[in-house]
Number of protein chains: 2
Amino acid sequence: MTHLLPLADEPAPERADAARNREAILAAALRLVRTRGVGCVTMDTVAAEAGVGKGTLFRRFESREGLMAAVLNESETAWQGQVISGPPPLGPGAPPLDRLLAFGHSRLRTNLTHAELIAAAGRPGARSAAAVSFANMHVRYLLGELGVTGDLLMLATALLAPLEMVVLDQQVNAEHIALERIEAGWDDLVRRVVGA
Amino acid sequence: MTHLLPLADEPAPERADAARNREAILAAALRLVRTRGVGCVTMDTVAAEAGVGKGTLFRRFESREGLMAAVLNESETAWQGQVISGPPPLGPGAPPLDRLLAFGHSRLRTNLTHAELIAAAGRPGARSAAAVSFANMHVRYLLGELGVTGDLLMLATALLAPLEMVVLDQQVNAEHIALERIEAGWDDLVRRVVGA
DNA sequence: CGTCGAAACGGACCGCGGTCCGCTTCTATT
DNA sequence: AATAGAAGCGGACCGCGGTCCGTTTCGACG
C-alpha cells in the first residue's frame with residue numbers, strides 16, 4: 001500500500017500505453033472520417049488503421065457513438081475557443097445583442113457543417129453534457145448582460161432548441177427552407193425573447 | 001393492357017394478403033412493445049409473433065425505425081384527435097392562448113410518455129414529416145388567432161423545438177429539472193413570443 | 001533488477017438489423 | 001376455369017457493433 005491518502009478521488013491516471021493507443025485511435029478515426037466520410041467508418045476499420053485490436057476501441061471509447069463524439073469534440077473545442085476568445089462579434093468586444101445573434105448564426109452553420117458527425121455521435125453521448133451546457137451557459141451570460149430577467153436557464157434552452165440538428169434537419173432537408181430564412185427566424189425569436 | 005388511363009399516379013393499391021400481413025405485424029409489434037418494452041423487441045421476435053418471415057417486415061416497414069414509427073403513430077393519431085376535436089382547453093372552444101398553453105403541456109407529457117418509442121423510431125423516419133408538420137400547422141393556426149404577425153412557420157418551429165425529445169431528455173435525465181419548471185419556462189416563452 | 005498484481009490488449013465470438021433471391025400466391029383477363 | 005406475370009413471401013446469409021476472456025504489458029515496490 002502506498003503512503004498517500006486519496007484526498008480527492010481522482011479519475012484513475014491511465015497508463016502510458018493506454019494513452020498512446022487512445023491518441024492513435026482518435027487520429028485514425030479523424031483521418032478516416034475526413035477521407036471516406038462518416039458513414040464508411042466501421043469500428044474494425046478504425047482498429048486496423050490505428051493498429052490496435054477492436055476491444056481496445058471499446059475500452060477507450062465506450063461505443064461507436066462515443067468515438068464519434070470524441071472526433072466531433074475536436075472541432076467543438078475549437079469553436080468554443082472562438083466564442084470565448086475569438087474576434088467579435090462572436091467573441092468578446094461587441095455589444096451583447098450582436099454577440100448573441102452572431103452566436104446563433106455560428107452555431108447554426110457549425111451544426112449544419114457537422115450534421116453527419118452529430119448524427120453518428122448520437123444524442124446520449126457525453127457530447128450533450130459538455131457541448132450543450134457550454135452553449136447554455138454562454139447564452140445565459142449574454143441574456144444577463146442584456147438585462148433580461150426570469151428563468152434564464154429555461155430561456156437559454158428555448159433559444160438553443162431551434163438550433164438543434166433534429167430541428168434543423170427537418171427544416172433544411174424535409175421542408176427545404178432557405179438558410180437565410182432560418183437565420184432571420186432565429187433573430188426574430190431572440191428579439192422577442194429579450195424584448196427588444 | 002387494361003383500358004383505363006392512369007389519370008393520377010396512385011400509390012399502388014396493395015394486395016389483400018399484404019394488407020393482412022401489415023396489420024398482423026403492427027398488432028404483434030404493439031403487443032410486444034407493451035409487454036416487453038421497446039428495447040427487447042427484435043425484428044426476428046416480431047416476425048415470429050406475427051407468423052411471417054423477416055423479409056416481410058422489411059418490405060412493409062422499411063426498417064426497424066419505420067416499424068417503431070408506425071407503432072408510435074397509433075397513439076400519435078389519437079392525440080391529434082384530442083387536439084382537433086377533444087374537450088377544451090386542448091380542443092376547440094377555449095381562448096387561443098389557453099389552447100396554446102394546453103397544447104404545449106400536452107405535447108410535453110405525451111413526448112415524455114413515449115420517450116423510448118420516439119428514440120427507437122429515430123429521427124429520419126416518416127414520423128417527422130407527419131407529426132411535426134401537424135403540430136406546426138396547429139401552432140401556426142393558434143398564433144394567427146392570437147393576432148401574431150411575422151414568419152409564423154418559424155415562430156411555430158421555435159415554440160415546438162423546446163418540446164422535442166432531444167431537448168427534454170437532456171433537461172429531465174441529465175440536468176434533473178422538474179417538470180413544473182419546464183412547463184413554466186415554456187409558458188414564459190410563449191408569452192414573450194406572442195407579446196402578451 | 002526481479003517480482004507481482006493490476007491494467008490493458010486483441011481477436012474470436014455473438015446477436016441483431018438489413019439484404020437477396022428462388023419459390024409461392026394473388027388477381028386481372030379471356 | 002385456365003393462365004400468365006406481377007406482387008408478395010420467407011429464411012439463409014452478410015456486415016457491423018459490441019462482449020468476453022485468456023494472454024501480455026506496465027510500473028510500483030523491495
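**View 1. Gly81(A) within helix 4 of chain A.** Gly81(A) is a residue of helix 4 of chain A, shown here in a predicted model. Because its relative accessible area is 30%, Gly81(A) counts as partly exposed, a class that lies between the limits of 20% for buried and 50% for exposed. Ten residues separate Gly81(A) from Gly91(A) in sequence, and the C-alpha atoms of Gly81(A) and Gly91(A) are 8.7 Å apart in space.

View 2. The buried residues of helix 4 of chain A include a run from Leu67(A) through Met68(A), Ala69(A), Ala70(A) and Val71(A) to Leu72(A). Further along helix 4 of chain A, Glu76(A), Trp79(A), Gln80(A) and Val83(A) are buried as well.

**View 3. Chain A as a whole.** Chain A contains ten helices and zero strands, so that the order of its elements from the N terminus reads α-α-α-α-α-α-α-α-α-α. Taken along the principal axes, the C-alpha atoms of chain A fill a box of roughly 60 × 50 × 30 Å. Of the 196 residues in chain A, 45% are buried. When contacts in chain A between residues at least 6 apart in sequence are considered, 61% of them join residues at least 24 apart.

**View 4. The surroundings of DNA strand C.** DNA strand C is surrounded by 21 residues, and the closest of these are Asn21(A) and Arg59(A) from chain A together with Met43(B), Lys54(B) and Arg64(B) from chain B. Of the atoms of DNA strand C that come within 4 Å of the protein, 63% belong to sugar and phosphate. Helix 1 (16-36) and helix 3 (54-60) of chain A, and likewise helix 1 (16-36) and helix 3 (54-60) of chain B, each supply at least two residues of the surface near DNA strand C. Helix 3 of chain A gives the most to this surface, with five residues. Sorted by class, the surface near DNA strand C has nine charged, seven polar and five nonpolar residues.

**View 5. Atom pairs between the protein and the bases of DNA strand C.** An N or O atom in the side chain of Arg15(A) is 2.9 Å from a base nitrogen of DNA strand C. Arg15(B) places a polar side-chain atom 3.3 Å from a base oxygen of DNA strand C. At Gly55(A), a polar backbone atom is 3.4 Å from a base oxygen of DNA strand C.

**View 6. The surroundings of DNA strand D.** Among the 21 residues around DNA strand D, those that come nearest are Lys54(A), Arg64(A), Arg15(B), Asn21(B) and Arg59(B). Sugar and phosphate make up 63% of the atoms of DNA strand D that come within 4 Å of the protein. The largest share of the surface near DNA strand D comes from helix 3 of chain B, which supplies five residues. By class, this surface near DNA strand D has nine charged, seven polar and five nonpolar residues. A base nitrogen of DNA strand D lies 2.8 Å from a polar side-chain atom of Arg15(B), while a base oxygen of DNA strand D is 3.2 Å from an N or O atom in the side chain of Arg15(A). At Met43(A), a polar backbone atom is 2.9 Å from a phosphate oxygen of DNA strand D.

View 7. Thr157(A) belongs to helix 8 (residues 152-160) of chain A, and it counts as buried because its relative accessible area is 10%, which is under the limit of 20%. The side chains of Thr157(A) and Asn136(A) are joined by a polar contact of 3.1 Å. Leaving aside residues up to four places away in sequence, Thr157(A) touches Asn136(A) in chain A as well as Val167(B) and Gln171(B) in chain B.

**View 8. Helix 9 of chain A and the residue after its end.** Helix 9 of chain A (residues 165-174) is mostly covered, with seven of its ten residues buried. The buried residues are Met165(A), Val166(A), Val167(A), Leu168(A), Asp169(A), Gln170(A) and Gln171(A). Just after helix 9 of chain A, His176(A) has a positive phi of about 55°.

Definitions and conventions:
Residues numbered from 1 in each chain as written. Chains lettered and ligands numbered in written order. Predicted model: local features only at pLDDT ≥ 70, side-chain atom pairs only at ≥ 80, totals over all residues. Heavy atoms only, no water. Buried < 20%, exposed > 50% of the residue type's maximum accessible area, 1.4 Å probe, protein only. Helix = DSSP H or I, 4+ residues; strand = E, 2+ residues; numbered from the N terminus. Near = heavy atom within 4 Å. Polar contact = N/O pair within 3.5 Å; in protein donor to acceptor, adjacent residues only side chain to side chain. Nonpolar A, V, L, I, M, F, W, Y, C, P; charged D, E, K, R; others polar. Contact = heavy atoms within 4.5 Å.
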